[in-house]
Amino acid sequence: MLFRSRNLEQEWKIKVLDRSGIILDIFASRARSMEAKTQVELAQLQYLMPRLTRMWTHLSKQFGGIGTKGPGETQIETDRRLIRDRITKLKEKLRDIDMQRKQQRKGRDHMPRFALVGYTNAGKSTLMNIMTGADTYVEDKLFATLDTTVRQCELPNGQLMLLSDTVGFIRKLPTHLVASFRSTLAEAAEADALIHLVDCTHPSFKEHIQVVRDTLSSLDIEDKTVILVFNKIDQLQDAEYVRDLQIEFPGCICISAIKGLNIVSLLDRLQDIALASGATLLFLLPYHAMKVLPKIYEAGEIVEREDLDEGIRISVHVPAEKKDALLRLAGDYAIED
């Protein structure tokens, strides 16, 4: 591909970008936060490294000689060293960001977490906004979202959950670009379940589904519970099309994020998953045992609290992995609902 691009540039006298180069240019124009800019710059430098020889060919021919190091060759070596140093610094910066994100996730691991994934321009940010009331950037174009946004969302039973929006996938996404955005996609890796949003009006939506599945597999997060959600049903002309989707993809949910259609059905499904992934415990905590109360708050999401004469009646939803630890701590005060 490198030689083909060079030949075309020589023939047409213009700059020629391959598919990866175009995607990187689009990503660069969309990057807004420091993290996104760092990720894009890292991917651009990794893309640039093997192309340096082609970029400096004219200098090598002009000044280089057999058995000598010409200025062109020296410049290549200098550029490679500078790029390698910059790549190392960017990777270190992303590792620091990743550590910060892990600490942030630890502080909210008592709430069920869901992540929106899907092909680019499937409507993830629009769905994020209507479910959480957030003001996530939305525009009808490729890769409008490069940063992960995490917002709270209330389930029908009043329980709070966390919903994260992620970068959209695309067919044959450059490997180094996926690697650069690994810290962003960590929200999907640590989610309790994934909401796979699909633009069902796109003629190639089945291919898009497979692209997302393949990308998740490459990130080793394909074993998550996945809810397949078909978006933009308000744009369908054939009313029977939704029924056909439900037959072909059992368990899917068909919605319109922009119109708010069937969002309640999606929330009900998320609630079922949240309840199945943990347990709701009920305690009657006497006032002489108030030292246990902060531990209960730390362990999970408070569903209901009532201050009574005999103590505090408190209901808490805890992740499955924290249930036994909380019962060992406060089991003497546990009561049946």
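**Aromatic cluster and charged patch**

Phe249 is buried in this predicted model, with a relative accessible area of 13%.

Biologist: Is the pair of Phe205 and Phe230 stacked or edge-to-face?
Modeller: Planes over 60 degrees apart count as edge-to-face. The planes of Phe205 and Phe230 are at 90°, so the pair is edge-to-face.

Biologist: How many residues apart are Phe205 and Phe230?
Modeller: Phe205 belongs to helix H10 (residues 205-218) and Phe230 to strand S5 (residues 225-231). The pair links distant parts of the chain, 25 residues apart.

Biologist: Is Phe230 buried or exposed?
Modeller: Buried means under 20% relative accessible area. Phe230 has 0% relative accessibility, so Phe230 counts as buried.

Biologist: Is Asp309 buried or exposed?
Modeller: Asp309 is found in the loop between strand S8 (301-307) and strand S9 (312-319). The cut-off for exposed is over 50% relative accessible area. Asp309 has 79%, so Asp309 is exposed.

Biologist: Which residues gather with Asp309 in a patch of negative charge?
Modeller: The patch lies on the surface. Besides Asp309, the patch holds Glu304, Glu306 and Glu310.

Terms used
Residues are numbered from 1 along each chain as its sequence is written. This is a predicted model: local features need pLDDT of at least 70, side-chain atom pairs count only at pLDDT 80 or more; totals for chains, interfaces and linings use all residues. Side-chain values use heavy atoms; hydrogens and water are left out. Patches are made of residues with over 30% relative accessible area and no salt bridge: like charges are joined within 9 Å, nonpolar side chains (Val, Leu, Ile, Met, Phe, Trp, Tyr) within 5 Å. Accessible areas come from the Shrake-Rupley method with a 1.4 Å probe; for residues, only the protein chains shown count as cover. A salt bridge is a side-chain nitrogen of Lys or Arg within 4 Å of a carboxyl oxygen of Asp or Glu. Lys and Arg count as positive and Asp and Glu as negative; His and the chain ends are not counted. The place of a charge is taken as NZ of Lys, CZ of Arg, CG of Asp or CD of Glu. Helices (H or I, at least four residues) and strands (E, at least two) are DSSP runs, numbered from the N terminus. Buried means under 20% relative accessible area, exposed over 50%, partly exposed in between (1.4 Å probe, protein chains only). Rings of Phe, Tyr and Trp (its six-membered ring) pair if their centres lie within 6.5 Å; planes under 30 degrees apart count as stacked, over 60 as edge-to-face and the rest as tilted.
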